[in-house]
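Please look over the sequence and the structure before reading on.

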Amino acid sequence: MTIPQSLQRAAANAVEANAFLQDPAALRSGVKPQLRRYEVSSLLPSGGISETRHIAPALPLFEDAFCAFSRGSLVETTQGPIAVEDLLPGDEILTSEGGGQTLVWIGHTSLLPARPGSRGRSHHLTSFMADSLGLQKPAASLVVGPAARLLRMPPHMQGGPDGTQLLTPAAEFQDGMSIFETAPPTPVDMYHLCLPRHAVINAGGLEFETYHPGPDALKLASYAIKTLFLNLFAHADSIADFGPLAHPRADGGTRSGSAVL
């Protein structure tokens, strides 16, 4: 499927116009973000599936919607574990609340982890060896991306005020032994999943969140960036359409740097 020229021009224009990004540091440095290709599969109201390709800035706001699970990650569904690359919109994904939710959106992109972005942001992955967080947690070696968060607290971090578990970036669990950073020199296919409601799902034996941009993700974004971002999601016309977070996040709701655009 070819990328509509109008969308490609819109992405390029959003990058060219530094004022759109509203980032004083970027304005001073004059470094422009790169563009990246993002692939989306969406569930249509009719029950059909829409597959689209988008060109948008390689900024955290966009990348975090695509970079949670690596190819081969097994996601628990009502039909049993399915590799993330084989999932289709409409599949029923098991959640930690019990029962399933319909998969409405799948995002896919490719990262070159060993190469930093135009603004120096690394895309290093986190590798969990089998049983690194307990028996069958994960059941086999699992590699996740910079956007992956677990419903779990590492030893060096505290939980919520009442001792509750928080959604914590996977990189916080790195111990240099059984959980470590990895940066393959070749491209890695990455995915993220969106359900009608934000939830925690089982991937490879660990509890990860589904995609949610965070309630304040577009607070400082320009109109151009908001439009490019929301065009990725057929089921959402605004941040409010993603609903509330199922659990609080250890970093306050957004990844570092993702809200300033």
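## Overall make-up

The structure is a predicted model. The protein chain comprises five helices and 16 strands. Of its 261 residues, 46% count as buried.

Among contacts in the protein chain with a separation of 6 or more, 63% are between residues 24 or more positions apart. The chain exposes about 12,000 Å², and carbon and sulfur atoms supply 53% of that area.

## Salt bridges

Side chains of opposite charge can pair when their charged atoms come close. The structure holds six salt bridges, and the following paragraphs describe examples.

E63 forms a salt bridge with R36, and the closest N and O atoms of the pair are 2.9 Å apart. The two residues belong to distant parts of the chain: E63 is in helix α4 (residues 60–63) and R36 in strand β1 (residues 35–43), 27 residues apart. Both E63 and R36 are buried.

## Further charged pairs

A salt bridge also joins E39 and R53, with the closest N and O atoms 3.7 Å apart. E39 lies in strand β1 and R53 in strand β2 (residues 49–57), so this pair ties together parts that are 14 residues apart in sequence. With a relative accessible area of 27%, E39 is partly exposed; R53, at 29% relative accessibility, also counts as partly exposed.

In the pair of E209 and R149, the closest N and O atoms of the salt bridge are 2.5 Å apart. This pair links distant parts of the chain, with E209 in strand β16 (residues 206–209) and R149 in strand β11 (residues 149–151), 60 residues apart. E209 counts as buried at 2% relative accessibility, and R149 counts as buried at 4%. Elsewhere, salt bridges that share partners join R71, E85 and D189 into one network.

Why does R36 count as buried? The relative accessibility of R36 is 14%, and the limit for buried is under 20%, so R36 falls within that class. The C-alpha atoms of R36 and E63 are separated by 8.7 Å, while the side chains of R36 and E63 make a polar contact at 2.9 Å.

Which backbone oxygen lies 3.0 Å from a polar atom of the side chain of R36? That oxygen belongs to S110. Leaving aside neighbours within four places in sequence, the contacts of R36 include H54, I55, A56 and A58. T109, L111 and H123 are also among the residues in contact with R36.

## Strand β1 and its partners

R36 has its place in strand β1. Strands β1 and β2 run antiparallel and are joined by nine bridges. One of the paired positions is L43, whose bridge partner in β2 is I49. The hairpin of β1 and β2 has five residues between the strands, and in this hairpin G47 takes a positive phi near 100°.

Strand β1 is also joined to strand β8 (residues 105–111), by four bridges, and these two strands run antiparallel. Here S41 has I106 as its bridge partner in β8. In a regular strand the side chains alternate between the two faces of the sheet.

Terms used: Residues are numbered from 1 along each chain as its sequence is written. This is a predicted model: local features need pLDDT of at least 70, side-chain atom pairs count only at pLDDT 80 or more; totals for chains, interfaces and linings use all residues. Side-chain values use heavy atoms; hydrogens and water are left out. A salt bridge is a side-chain nitrogen of Lys or Arg within 4 Å of a carboxyl oxygen of Asp or Glu. Buried means under 20% relative accessible area, exposed over 50%, partly exposed in between (1.4 Å probe, protein chains only). Contact means heavy atoms within 4.5 Å. Accessible areas come from the Shrake-Rupley method with a 1.4 Å probe; for residues, only the protein chains shown count as cover. A polar contact is a pair of N or O atoms within 3.5 Å; within protein, one must be able to donate a hydrogen and the other to accept it, and residues adjacent in sequence count only if both atoms are side-chain atoms. Two strands pair if DSSP finds at least two bridges between them.
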